[in-house]
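Please read this briefing alongside the sequence and the 3D structure.

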Amino acid sequence: MVLNTLFDQFKREKTYLKGVSHNTIIWYDYSYRAFKNVCGDVSKLSKQILNEFVIGMRQSGISAVTTNNYIRGMNAFFTWLYENEYTAEHFKIKKVKEAQRVLKVFSDNQLKAIIKWKPKGWYQWRLYALLSTIIDTGIRIDEALSLKRDDINFDDLLIVVTGKGSKQRIIPFSRELRKIIWRWGRMHEHQYFFPSRNGNKYMYDNLRRDMKSLAERLGIKGVRVSPHTLRHYFAIHFLRRGGDLYTLSRILGHTNIQTTQIYLRSMGIEQIRESHLRLSPLNNLR
């Protein structure tokens, strides 16, 4: 069994038969590269080799989060090997334990600063419209950057989003967002709704740079300034306002509601305090 050849076949089938994204293929490549860095060229898989893979990554200082990311990538490859009868055993690596860290989200005041910002010129309006879209809908940054004009239904206030695995979902947006993106849409004629100046896709690194520059201008500190943090804020705000996990899971495009439950850890002490005061038996039965 030549793993290198089989891995190339695995990527081709995932690309042309399953339609996985280019980013997913890159993730598989990074995972396999990590496997080879630790285990070298392997002719036969075994549980011992897989254990050595995990031990080697941890010993080299790779974090638990990154280790698990590579494990997921390799498990997808191992599943493919088993389903195509290249291995008699369905190998699967168990994930390592991760520290349960709570992602600090934007405060309400920080979000208000972004929402109330008065953009000037083409580039600032692109940034403002894009950030407003994420704040209002919670879509992933890749989904936002891939939006085309035809994906937006201004009459019915709906956006068709193409998420992971090329799966599409329909997400509603507010009338307030419609005002913003309608004005932005009239400022260019390109098919990408948030394009570069010449009509190509707005690059993620450029967006991060622009977003950090805006945060400095608005005095936003003490929080990771990224599109994902805005998506995180959307999820927390949705739950705080009484939204249910199932609906939130569909909006965010999660295939497993357990992924959505992660946002419960970031509800914040104020929300916990309010719930405790409302529900405490001692406080209510005296």
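On a 1 Å grid over the protein atoms alone, a pocket is an open set of points with protein on both sides within 12 Å along at least five of seven lines, a cavity is a set of points where a 1.4 Å probe fits but cannot get out, and lining residues have an atom within 4 Å of a point. Grid points are joined across faces, edges and corners, and a volume is the space filled by probe spheres set on the points. The model is predicted, so local features need pLDDT of at least 70 and side-chain atom pairs count only at pLDDT 80 or more, whereas totals for chains, interfaces and linings use all residues. Residues are numbered from 1 along each chain as its sequence is written, and side-chain values use heavy atoms, with hydrogens and water left out.

**The second largest pocket**

- The second largest pocket has a volume of about 540 Å³, and among its 19 lining residues the closest to its centre are Ile115, Ile135, Asp136, Tyr233 and His237.
- Helices (DSSP runs of H or I, at least four residues, numbered from the N terminus) contribute to this lining, with H5, H6 (121-137), H8 (175-185) and H10 each supplying at least two residues.
- H10 gives the largest share of that lining, five residues.
- By class, the lining has nine nonpolar, three polar and seven charged residues, where Ala, Val, Leu, Ile, Met, Phe, Trp, Tyr, Cys and Pro count as nonpolar, Asp, Glu, Lys and Arg as charged, and the others, Gly among them, as polar.

**The cavity**

- The count comes to one cavity of 30 Å³ or more, and the largest cavity has a volume of about 30 Å³.
- The largest cavity is lined by Ile114, Leu131, Met211, Leu214, Ala215, Leu218, Ile220 and Val225, which divide into eight nonpolar, no polar and no charged residues.
- Helix H9 (residues 204-218) provides the largest share of this lining, four residues.

**Packing of H1 and H4**

- Helix H1 (residues 3-16) and helix H4 (residues 64-83) pack at an angle of about 95°, with their axes 10 Å apart; axes are lines fitted to C-alpha atoms, for helices over the stretch in contact, and angles run from 0 to 180 degrees between N-to-C directions.
- That angle makes H1 roughly perpendicular to H4, a term for 65 to 115 degrees.
- In the contact (heavy atoms within 4.5 Å), Leu3, Leu6, Phe7, Gln9, Phe10 and Glu13 of H1 meet Ala76, Phe77, Trp80 and Leu81 of H4.
- The residues of this contact divide into eight nonpolar, one polar and one charged.

Technical notes. Parallel < 35°, antiparallel > 145°, perpendicular 65-115°, else oblique.
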